[in-house]
Amino acid sequence: MSRAVAGPLMREDGRGIPRSLPLLAALVEAEAHSAAAAAAARPTDSGLVRAFRRRCCCCADAAESDLVRSFRGGAAPKVPIRTFLERIHQLTRIDGNCFVLAGIYLTRFIPSADAMEAGILVEPATVHRLVAVAVLLGAKFAGHSPVKWTRVFQDSSEGAIRAGEMADLEGCFLRAIDFRLFVDRAGFDSFCKILERGPWVPSAEGGCACKKRQADAVAGEEDDCKRLVSATSDRQTRSPERTSAAASLLPLPAVLSN
């Protein structure tokens, strides 16, 4: 970790909350809203199409995978992601590194073969559980003991995420990312820069503009983006709809993978 790059994200506010927490919350909330908007914009299936799909699902039990049951099977928490993360922080007092690591682990999970096959995206139905397990793994990898974490996520989600769910969520997540928890300095610093830039939002002219203007962006960033797109083009070809819905997260593993 480069102190010059990551240092500002580790700074705490008056409540002791590291800056990386609200930045991660903004990124995943924007991703969830984008997925919800994309789903709402899709044409409604006719009754015939819906009947056909139900029949296909009944004939293919694999569609109800462990990932689907784990991340979509329970009630979706109503708590905003930032509030959810702040409650977790208040109960555990983990440091800012954990939230950076959590974001990196999400970028490894979303384009994984298991997640793509199960159709798991960062969306309102899944975002809290995805963030919860990513933060848990980030905290463990950063050296925080989870011994007293039994009810942390249940209390932080107002009971929507049951304490007993976390073991299954963690196992599914780890298998999907092939247990790749190590993050090197370059990968950590790269994601810190992504958090600093913030999510992309529509500009007044109808195009796309970065929420935080890139006046301080590093030289050669555009070349990096082109390289990322090229590195993930095979996944985009296989699943263009999912790539569009998770555009801000999917390209990142090409840079962050160890």
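Predicted model: local features only at pLDDT ≥ 70, side-chain atom pairs only at ≥ 80, totals over all residues.

Biologist: Thanks! How many helices and strands does the secondary structure come to?

Modeller: The chain has 15 helices and two strands. Among contacts between residues at least 6 apart in sequence, 80% join residues at least 24 apart.

Biologist: What share of the residues counts as buried?

Modeller: Of the 258 residues, 45% are buried. The accessible surface is about 13400 Å², and carbon and sulfur atoms account for 54% of that area.

Biologist: And how should I read a nonpolar core?

Modeller: The general idea is that nonpolar side chains tend to be buried together in soluble globular proteins. Here, the largest nonpolar core holds 60 residues. Those touching the most other members are Phe 71, Leu 85, Phe 109, Leu 130, Phe 153 and Phe 173. Helix α8, residues 127-141, supplies the largest share of this core, with 10 residues.

Biologist: Let me pick Leu 85. Which residues does Leu 85 touch, not counting those up to four places away in sequence?

Modeller: Its partners are Leu 21, Leu 24, Ala 25, Phe 99, Val 131 and Val 135.

Biologist: Now helix packing, please. How are α2 and α11 oriented to each other?

Modeller: For a pair of helices, look at the angle and the distance between the axes. Helix α2 (residues 20-41) and helix α11 (residues 185-197) pack at about 75°, with axes 9 Å apart. Angles of 65 to 115 degrees count as roughly perpendicular, so α2 and α11 are roughly perpendicular to each other. On the α2 side, Leu 23, Leu 24 and Leu 27 make the contact, meeting Phe 191, Ile 194, Leu 195 and Glu 196 of α11. By class, that contact has six nonpolar residues, one charged and no polar.

Biologist: Last topic: backbone angles. Which phi value does Arg 93 have?

Modeller: Arg 93, which is not a glycine, has a positive phi of about 60°. Arg 93 sits in the loop between α5 (81-92) and α6 (96-109). With 48% relative accessibility, Arg 93 counts as partly exposed.

Biologist: And where does Phe 179 lie?

Modeller: Phe 179 is in the loop between α10 (166-176) and α11. Its phi is positive too, near 60°. Is Phe 179 buried or exposed? The cut-off for exposed is over 50%, so Phe 179, at 54% relative accessibility, counts as exposed.

Key. Residues numbered from 1 in each chain as written. Heavy atoms only, no water. Helix = DSSP H or I, 4+ residues; strand = E, 2+ residues; numbered from the N terminus. Buried < 20%, exposed > 50% of the residue type's maximum accessible area, 1.4 Å probe, protein only. Contact = heavy atoms within 4.5 Å. Areas by Shrake-Rupley, 256 points an atom, 1.4 Å probe, with all protein chains shown as cover. Core = buried A, V, L, I, M, F, W, Y, C linked by side-chain atoms within 4.5 Å. Axes fitted to C-alpha atoms, helices over the stretch in contact; angles between N-to-C directions. Parallel < 35°, antiparallel > 145°, perpendicular 65-115°, else oblique. Nonpolar A, V, L, I, M, F, W, Y, C, P; charged D, E, K, R; others polar.
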